[in-house]
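Dear colleague,

Please find the sequence and structure below. My notes on the side-chain interactions follow directly after them.

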Amino acid sequence: MNALPYIVRQPETKAEFKEYYHLRWKLLRAAWHQPEGSEVDDIETSCFHVIAIDTEDTENAIIGVARLQFNSESESQIRYMAVSPAFERRGIGRSIISYMEEHAMRTGRHNMVLDAREPAVGFYEKLGYEVTGKSYLLFDEIQHCKMQKNLYPLISNMLPMSAFR
């Protein structure tokens, strides 16, 4: 039994992907009057998608989303990370990041990068990410900061996959 009131995993069905993209739009685009569909880009099929599901809800509502993009053989990038406001500060974001970092490490990628909205910088710093500079200004008003984390120290402490067989 899951001790937490949520689980983190990949979306598995068309309905989950539909809800995933809708929440991504709602949390990251709607307030800036961006049309639904603007949350999707042309590399979605080559990325690793993550959802957090409220297990206390009878509908198993999706309450958090994120995408891991593979920039190179050694680098992954966190994109479209968001948690529903009613569920913030419950460890869901931390769990999503941990899940993506584990996947990046298992695929041999030791460098993680992201562009964080300024209000989220402190959250990522608590998880070991460092600001490396200013990034883009989204919708002419949302300043982003480039951040990065070297996962190599975590990789060296991981158990080999054979330990899980």
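Predicted model: local features only at pLDDT ≥ 70, side-chain atom pairs only at ≥ 80, totals over all residues.

Rings of Phe, Tyr and Trp (its six-membered ring) are taken as a pair if their centres lie within 6.5 Å; planes under 30 degrees apart count as stacked, over 60 as edge-to-face and the rest as tilted. Searching the whole structure in this way gives six aromatic pairs. In one of them, the ring centres of Tyr20 and Tyr21 are 4.9 Å apart and the planes stand at 65°, so this pair is edge-to-face. Ring pairs also join Phe17, Tyr20 and Tyr21 into a cluster.

Residues are numbered from 1 along each chain as its sequence is written, and side-chain values use heavy atoms, with hydrogens and water left out.

For accessibility, buried means under 20% relative accessible area, exposed over 50%, and partly exposed in between (1.4 Å probe, protein chains only). Tyr20 has a relative accessible area of 0% and is therefore buried. Tyr21, at 18%, also counts as buried.

Salt bridges

A salt bridge is defined here as a side-chain nitrogen of Lys or Arg within 4 Å of a carboxyl oxygen of Asp or Glu. The count by this rule is eight salt bridges. Helices (H or I, at least four residues) and strands (E, at least two) are DSSP runs, numbered from the N terminus.

Glu44 is bridged to Arg24, with 2.5 Å between the closest N and O atoms. This pair connects distant parts of the chain, 20 residues apart: Glu44 is in the loop between helix H1 (14-28) and strand S2 (48-54), and Arg24 is in helix H1. Glu44 forms a salt bridge with Arg67 as well, at 2.9 Å from N to O. Here the partners are 23 residues apart, Arg67 being in strand S3 (residues 62-70). Glu44 has 6% relative accessibility and so counts as buried; Arg67, at 0%, is buried.

Glu101 and Lys149 form another salt bridge, their closest N and O atoms lying 3.1 Å apart. Glu101 belongs to helix H2 (residues 92-106) and Lys149 to strand S7 (residues 142-150), so the bridge ties together parts that are 48 residues apart in sequence. Glu101 is buried at 8% relative accessibility, and Lys149 is buried at 13%. Through shared partners, salt bridges join Arg24, Asp41, Glu44, Arg67 and Arg79 into one network.

The surroundings of Arg24

What surrounds Arg24, not counting residues up to four places away in sequence? With contact meaning heavy atoms within 4.5 Å, Arg24 touches Arg29, Glu39, Val40, Glu44, His49, Val65, Arg67 and Tyr80. Arg24 counts as buried because its relative accessibility is 0%. Its charged end sits over the ring of Tyr80, 3.7 Å from the ring centre; the criterion is NZ of Lys or CZ of Arg within 6 Å of the ring centre and within 35 degrees of the ring normal.

Cysteines

A disulfide is a covalent bond between the sulfur atoms of two cysteines. With a disulfide taken as a pair of cysteine sulfur atoms within 2.5 Å, the structure holds zero disulfides. Cys47 is buried, with a relative accessible area of 11%, and Cys145 counts as buried at 8% relative accessibility.

With kind regards
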